[in-house]
Amino acid sequence: MARISINLKDGKAVKPSNIIVGIDLGTTNSLVAYTKDGETVTVKEHGGKSALVPSVVHFAADGSILVGDAAKEKLETEPQNTIYSVKRLLGKSYGDVESLEDYLGYQVIDDDDENTLVKIRVGDKFFTPIELSAEILKELKKRMEAELKATISRAVITVPAYFNDSQRQATRDAGKLAGLDVLRIVNEPTAASLAYGLNGQQSDVAQKIAVYDLGGGTFDISVLQIEDGIFEVLSTNGDTFLGGDDFDRVIVDYWMGKNNLTKADLTTNKSLSQALRLRAEEAKKALTYDLKFANDLDGIECRISRQQFQDLIMPLVQKTINCCRNALKDSELAENEIDHVIMVGGSTRVPLVQEMVSKFFGKQVNDSLNPDEVVAIGAAIQADVLAGTQKDVLLLDITPLSLGIETVGGLMDAIIPRNSKVPTRVGRNYTTSVDGQKNLKVAVFQGERDLVQDNRKLGEFILRDIPPMPAGIPKIEIQFILNADGILKVKAKELRSNVETSVEIKSSYGLSEEEMGKMLLDSIQNAEADMKIRSLLEARNEARNIILSVGKFLQQNETILSDDEKSRTIELNESLKKSVEGEDKDAINKAMADLNEYTAPLAHRALDVNIGEAMKGRKL
Ligand code: ADP
Ligand code: MG
């Protein structure tokens with residue numbers, strides 16, 4: 001059956017392309033590549049020179065969205081509405097990112113809850129990192145479709161080797177929301193190796209590869225082994241706050257010193273600060289090829305030699321070398337056991353970096369490919385392999401549909417994502433939502449939709465006799481073990497008491513390939529609507545928890561709070577209750593934020609008083 005799509009803008013029919021694209025969704029820059037007639041190329045903006053799309057999303061007051069270079073221009077002037085480095089937040093809860101707060105110029109919402117994923121506030125709207133990443137992916141998709149003059153729907157997306165299950169799932173969800181069927185998530189270092197043709201075919205013995213990736217804001221070193229075409233990550237190390245941005249910063253600091261400028265001069269003059277930063281980046285890039293840079297800025301001397309630059313960044317580069325040493329130690333390999341060293345990321349163009357890395361490993365590094373592009377190129381090569389061999393192997397060794405369980409509010413939590421290699425085993429931790437809860441129902445579903453009601457139910461069982469504990473305290477591990485025949489074993493275990501139960505299910509019993517295809521298509525067509533419902537249900541769940549705890553808080557601290565404080569808290573709690581009845585997730589999030597903001601200092605004071613009381617009462 002052939003499908004024809006219509007371009008909604010001009011009504012012309014567009015043909016769907018069978019090309020699968022490769023996407024590098026980076027912290028600083030993202031890009032897309034594809035393979036045609038055996039040649040893999042990155043996609044540039046029409047008539048443009050660079051394939052890089054800065055990973056920046058800007059929200060204008062009128063609700064319009066800018067992505068890429070246009071958004072990057074707003075960074076300094078509208079920091080509140082301009083989101084960068086969103087990859088750092090993907091799949092993370094607030095507890096994980098608290099330390100990032102000073103670093104980010106925009107607002108990340110504090111929910112005081114370890115288990116809730118972060119949200120980003122722009123004016124009165126709230127976004128998840130998934131939605132923001134989807135905007136970047138949509139831009140890449142648009143660029144790709146303009147190039148091919150055809151619609152694309154399938155992609156391979158790369159992630160850092162250290163990404164956990166939740167970060168990988170978030171990346172898949174972002175793809176789905178952008179209208180892409182994400183066939184595989186590939187590790188960035190693996191993709192880089194593929195781009196250099198290192199796919200395990202060259203040698204009968206296992207090859208060891210070190211991938212050194214220095215980007216804009218992050219440094220990763222990964223040690224891989226390939227044998228029989230199978231990549232294994234032996235170790236990873238790095239620094240999540242070290243990259244080319246730091247090189248720019250040391251140059252700015254150097255010029256400030258030379259020109260007697262102070263920090264205050266820059267904080268009061270945003271456009272000067274931005275201009276200096278851009279000039280510093282220009283200098284850094286120029287010094288890759290030249291020995292000197294001089295280009296003054298309105299009376300401010302902006303000059304630096306390569307030697308001076310190298311002296312400034314030496315300690316930073318030395319830090320990356322220390323990470324390499326640690327990575328080798330963890331992989332139990334010596335420097336001379338590494339067969340190939342691959343350079344990835346724009347910052348590896350700096351000559352001092354290349355020198356020090358090749359000195360450390362005692363060998364010439366691989367840097368013949370454009371370091372900005374190797375990851376996307378590798379992803380596109382992997383995508384092409386998938387496209388070519390699909391009919392024969394794809395359905396044999398991978399699971400065709402996601403498997404997961406129902407969580408609060410009827411949401412689907414995919415535990416084994418579709419296209420995972422089988423056999424596989426994945427565990428994830430959950431907890432209870434009610435005080436003293438004794439039983440927990442585990443309902444197992446299959447499918448790609450966000451609400452379990454739209455997926456296929458495979459079975460359910462009850463974990464009984466959990467010892468009574470307050471909500472949120474039990475640690476319940478759910479494990480999915482899927483064997484090569486598609487038999488799924490689901491185990492649930494409360495880790496504090498060791499209560500355990502399990503069930504076995506035939507995962508794709510009675511499901512034809514056609515039905516699977518339909519389930520998949522439905523999920524992509526409904527991705528946006530599903531995400532809306534998911535966000536609403538999640539906001540409601542969160543709000544209900546807050547409403548309960550505010551009730552408890554008021555009861556327990558009757559004597560500590562003033563009448564005004566009590567009535568204002570009740571008032572805010574009531575408007576939160578009201579918002580939960582409605583359908584507007586932003587209104588719920590706003591009401592939660594307002595309540596949180598007002599009660600946080602009260603809670604601190606109550607805590608202080610309660611601790612004081614406890615101390616007074618202590619008898620010796
Ligand atoms: P990420 O993987 O974090 O998205 P990239 O690999 O795109 O990042 O690297 C971006 C960084 O590379 C920026 O700091 C940029 O200034 C730097 N860079 C790009 N070209 C050069 C060059 N010629 N010399 C030095 N640094 C460069
Ligand atoms: Mg990168």
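Tutor: Let's go with helix H5, where the buried residues are Glu188, Pro189, Thr190, Ala191, Ala192, Ser193, Leu194 and Ala195. That makes eight of its eight residues, so the helix, which spans residues 188–195, is mostly covered, with buried here meaning under 20% relative accessible area. Keep in mind that this is a predicted model. Now step just past the end of H5, and you'll find Gly197, which takes a positive phi of about 75 degrees.

Strand S27, residues 487–494, and strand S28, residues 499–506, pair in the antiparallel sense, with eight bridges between them. Look at where Glu494 sits: it stands opposite Val499 in S28. Four residues lie between the two strands of this hairpin, and Asn498 has a positive phi near 65 degrees.

While we're on strands, there's also an open sheet to trace. Its four strands come in the order S22-S21-S24-S25, and the pairing is antiparallel. At the edges you have S22 (411–416) and S25 (456–463), each of which pairs on one side only. Ignoring direction, neighbouring strands in this sheet are turned by 30 degrees against each other on average. To see one of the pairings up close, go to S21, residues 403–407: five bridges join this strand to S22, and the two run antiparallel. Pick out Ile405, and its bridge partner in S22 is Asp413. In general, strands of a sheet pair through backbone hydrogen bonds, either parallel or antiparallel.

Helix H6 covers residues 244–258 and helix H9 covers residues 306–331; their axes come within 10 Å and cross at roughly 135 degrees. The crossing in which H6 passes H9 is right-handed. On the H6 side, the residues that meet H9 are Asp246, Phe247, Val250, Ile251 and Tyr254. Across from them, H9 brings Gln308, Phe309, Leu312, Ile313, Leu316 and Val317. Sort the residues of this contact by kind and you get nine nonpolar, one polar and one charged.

Terms used
Residues numbered from 1 in each chain as written. Chains lettered and ligands numbered in written order. Predicted model: local features only at pLDDT ≥ 70, side-chain atom pairs only at ≥ 80, totals over all residues. Heavy atoms only, no water. Axes fitted to C-alpha atoms, helices over the stretch in contact; angles between N-to-C directions. Left-handed = near helix turned anticlockwise from the far one by under 90°. Contact = heavy atoms within 4.5 Å. Nonpolar A, V, L, I, M, F, W, Y, C, P; charged D, E, K, R; others polar. Pairing = 2+ DSSP bridges. Buried < 20%, exposed > 50% of the residue type's maximum accessible area, 1.4 Å probe, protein only.
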